[in-house]
Amino acid sequence: MLSKNQIKLISSLHQKKHRQANQLFFAEGVKVIQELVKSNFELEHLYTTKEDFNDVAQNKRIVITENELNKISALSTPNTCLAVFKIPLESKIIESGLVLALDSIRDPGNLGTILRLCDWFGIQQLICSKETVDIYNPKVVQATMGSIARVNVNYIDLETFIKETKLPVFGTFMDSQNIYKTTLPQEGIIVMGNEANGISENIEKLINQRLTIPRFGNIQITESLNVATATAIILSEFRRLN
């Protein structure tokens, strides 16, 4: 049974300020929780409506009712389980190979999908500007489907980092060099911009090579690609050529 204090704490974790204050976040769904339990994330408590997760220590596994799960879930249709984990300390930035950098990505679904893409394409390091949505936002965690456990993520002053890096810096724009006709290296930083405004002016000035994904439709009136979709194409092309 859930106590009032447990309900209050978990409900507070819907907000970034409370996640930071308590250094806790939560995940929902069997798949995501299984991935996180197997990872280096430290489990605080697991709340489930079923007699499952028998490999989790009994003092950390609490069977609750569906009604109780409804009170703490961030989903309109709650799954069968919710788990609270400690937020780990950020690891040192891996400044080698391909590094993906996000400039003010605001949509949780986009960030979660981009994390899955990093996992799929073997991108070990994801760098986020401080204006990018919180990786421990429940919607982000849900969208990663467990990939959050396998990609190193750092929130930094993106402009300062790019100024100091020795890696070539690539940016995506609407009217630049056709990525399909460009020789791409094995190492570099790929910058993806904000959903509405693209790469910010200060970051744009630091881009070494501008890339674009050309449109092939006969009626070329589509303004842009979704940032997660564009990221998938960009990463696929970098990996295909290397």
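A salt bridge is a side-chain nitrogen of Lys or Arg within 4 Å of a carboxyl oxygen of Asp or Glu. Keep that in mind as you look at this predicted model, because side chains of opposite charge can pair when their charged atoms come close. The structure holds 10 salt bridges, and here's a quick tour of a few.

**Lysine 86 and its partners**
- Glutamate 44 pairs with lysine 86, with their closest N and O atoms 3.8 Å apart.
- That pair links distant parts of the chain, since glutamate 44 sits in strand E2 and lysine 86 in strand E4, 42 residues apart.
- Lysine 86 also forms a salt bridge with glutamate 42, and here the closest N and O atoms are 3.3 Å apart.
- Glutamate 42 lies in the loop between helix H3 and strand E2, so this bridge ties together parts that are 44 residues apart in sequence.
- How accessible are they? Lysine 86 counts as partly exposed at 33% relative accessibility, glutamate 42 is partly exposed at 42%, and glutamate 44 is partly exposed at 25%.

**A salt-bridge network**
- Aspartate 119 and arginine 150 meet in a salt bridge at 2.8 Å, N to O.
- Aspartate 119 belongs to helix H5, while arginine 150 is in the loop between helix H6 and strand E7, 31 residues apart.
- Aspartate 119 is partly exposed at 25%, and arginine 150 is partly exposed at 43%.
- Together with Lys31 and Glu35, Asp119 and Arg150 are linked in a network of salt bridges.

**The annotated domain**
- An unreviewed UniProt entry places "domain: MRM3-like substrate binding" at residues 5–83.
- Over residues 5–83, the chain is 39% helix and 22% strand, and the end C-alpha atoms are 16 Å apart.

Methods:
Residues are numbered from 1 along each chain as its sequence is written. This is a predicted model: local features need pLDDT of at least 70, side-chain atom pairs count only at pLDDT 80 or more; totals for chains, interfaces and linings use all residues. Side-chain values use heavy atoms; hydrogens and water are left out. UniProt positions are given in the numbering used here, feature names are shortened, and annotations may be inferred rather than shown by experiment. Helices (H or I, at least four residues) and strands (E, at least two) are DSSP runs, numbered from the N terminus. Buried means under 20% relative accessible area, exposed over 50%, partly exposed in between (1.4 Å probe, protein chains only).
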